[in-house]
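This briefing concerns the structure shown below. The points that follow are grouped by topic.

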Amino acid sequence: MWGFVFFGLLDTQSFALVVVAVTVGLLFHGAMYGPQAAFLSELFGTKARYSGVSVGYQLASVVAGAPAPLIAVALLGSLTDPNPMRVSIYLAVCAVITLVAVLSYGETRTRDLAEDKAIVTKRGRSATRV
């Protein structure tokens with residue numbers, strides 16, 4: 001929802017309100033990135049954690065992060081008559097997709113993270129111990 005407020009504050013062209021918009025946006029950004037490392041690391045067992053998080057993070061950057069500015073500029077429209085409402089809706093849709101994805105993951109506090117089903121033994125079967 002901050003996207004709607006953010007562009008509203010930018011449209012005021014008041015230096016103080018633009019500073020407030022950017023500062024609060026950075027606070028939300030930090031609140032997102034703070035728990036992200038712990039969240040992502042718990043998605044993988046201990047033997048595949050580093051690779052799993054790295055591959056997932058890098059692919060997400062390329063697939064979702066790279067085209068995001070191009071999509072936002074296309075949605076904004078012309079520079080003489082921009083429409084930031086479409087960009088705000090795009091941000092809200094992305095936030096809903098993220099929320100659904102996060103809620104679809106289960107709690108890992110009862111799972112033994114050392115038991116990694118992704119590790120394959122020489123015989124081709126999953127192993128609980130390697």
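Which residues in H2 meet residues in H3? In this predicted model, Tyr-33, Gln-36, Leu-40 and Ser-41 of H2 are in contact with Arg-49, Val-53 and Tyr-57 of H3.

**Packing of H2 and H3**
- Helix H2 spans residues 15–41, and helix H3 spans residues 49–65.
- The axes of H2 and H3 lie 9 Å apart, and the two helices pack at an angle of about 125 degrees.
- H2 and H3 are therefore oblique to each other, because angles over 145 degrees would count as roughly antiparallel and those from 65 to 115 as roughly perpendicular.

**Overall fold**
- The protein chain contains 5 helices and 0 strands, and its pattern along the sequence reads α-α-α-α-α.
- Among contacts in the protein chain with a separation of 6 or more, 46% are between residues 24 or more positions apart.

**Burial and surface**
- The protein chain has 130 residues, of which 15% count as buried.
- Its accessible surface amounts to about 9800 Å², and carbon and sulfur atoms contribute 69% of that area.
- Val-55, Leu-59, Val-62 and Val-63 make a nonpolar surface patch of about 390 Å².
- One of these patch residues, Val-55, is located in helix H3.
- Val-55 counts as partly exposed because its relative accessibility is 48%, whereas exposed requires over 50% and buried under 20%.

Note on methods:
Residues numbered from 1 in each chain as written. Predicted model: local features only at pLDDT ≥ 70, side-chain atom pairs only at ≥ 80, totals over all residues. Heavy atoms only, no water. Patch = residues over 30% accessible without salt bridge, like charges linked within 9 Å, V, L, I, M, F, W, Y side chains within 5 Å. Areas by Shrake-Rupley, 256 points an atom, 1.4 Å probe, with all protein chains shown as cover. Salt bridge = Lys/Arg side-chain N within 4 Å of Asp/Glu carboxyl O. Helix = DSSP H or I, 4+ residues; strand = E, 2+ residues; numbered from the N terminus. Buried < 20%, exposed > 50% of the residue type's maximum accessible area, 1.4 Å probe, protein only. Axes fitted to C-alpha atoms, helices over the stretch in contact; angles between N-to-C directions. Parallel < 35°, antiparallel > 145°, perpendicular 65-115°, else oblique. Contact = heavy atoms within 4.5 Å.
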